[in-house]
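Biologist: I am new to this structure. Please show me how to read it.

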Amino acid sequence: MQFTNILISLVAFSFFRKACADSVPFTLLSIFSGSVLQYASIAPNEDNILQVVTPNHSTGVITDEGFFKINNNTYVYINEKDQYAVSENKCDAISGFSIRDANINFKYPFAAHNQTEGWILYSQNQSPQDIGRAIAAITSNGSFAPDFIPNTTTITTTTLSPA
């Protein structure tokens, strides 16, 4: 009887662990056929703003809570300038991210805006010259990450103050 209880506990723990897991790790890759930014990497710059870059790359996961976690220690949020930024403070993070059809899915777009420091990602267009981005989730073996829908049903967002 005791062995049966232990076995049931292990099975339940295994199920719970699987039910509350993050997505597979992936590399962030800019996708938009025919644009100057096709197949460029996406990584935080020195100001912790997400930028479309060529040599650098970041890895990410979508957490079971719907957060977009980059490089194992920072979370994506939208700053007061409507830029996608990263912070080590999970309280700054916004949830609602998922992976659908091998792309990062979110309620706001990823708009690349060309600035003197490069192409910065915004949550809305800043000018007519901005390039809408899809961010592909590519696994370490080069395949597309499978769909991932977080287990959370609540979506929190950052309230932006007027500029």
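Modeller: This is a predicted model: local features need pLDDT of at least 70, side-chain atom pairs count only at pLDDT 80 or more, and totals for chains, interfaces and linings use all residues. Residues are numbered from 1 along each chain as its sequence is written, and side-chain values use heavy atoms, leaving out hydrogens and water.

Biologist: How many bridges join strand E10 to strand E12?

Modeller: Strands (E, at least two residues) are DSSP runs, numbered from the N terminus. Two of them pair if DSSP finds at least two bridges between them. Here three bridges join E10 (residues 110–115) to E12 (residues 131–138), and the two run antiparallel. Phe110 stands opposite Arg133 in E12.

Biologist: Which residue in E11 is the bridge partner of Gln115?

Modeller: Gly118. E10 and E11 (residues 118–122) pair antiparallel over five bridges. They form a hairpin with two residues between them.

Biologist: Is Gln115 buried or partly exposed?

Modeller: Buried means under 20% relative accessible area, exposed over 50%, partly exposed in between (1.4 Å probe, protein chains only). Gln115 has 24% relative accessibility, so it counts as partly exposed.

Biologist: Which side chain does the side chain of Gln115 join in a polar contact?

Modeller: A polar contact is a pair of N or O atoms within 3.5 Å; within protein, one must be able to donate a hydrogen and the other to accept it, and residues adjacent in sequence count only if both atoms are side-chain atoms. For Gln115 the partner is the side chain of Tyr122, at 2.8 Å.

Biologist: Where is Asn45 found?

Modeller: In the loop between strand E2 (41–44) and strand E3 (50–53). Asn45 is buried, with a relative accessible area of 11%. Its side chain makes a polar contact of 3.2 Å with that of Gln51.

Key
Helix = DSSP H or I, 4+ residues; strand = E, 2+ residues; numbered from the N terminus.
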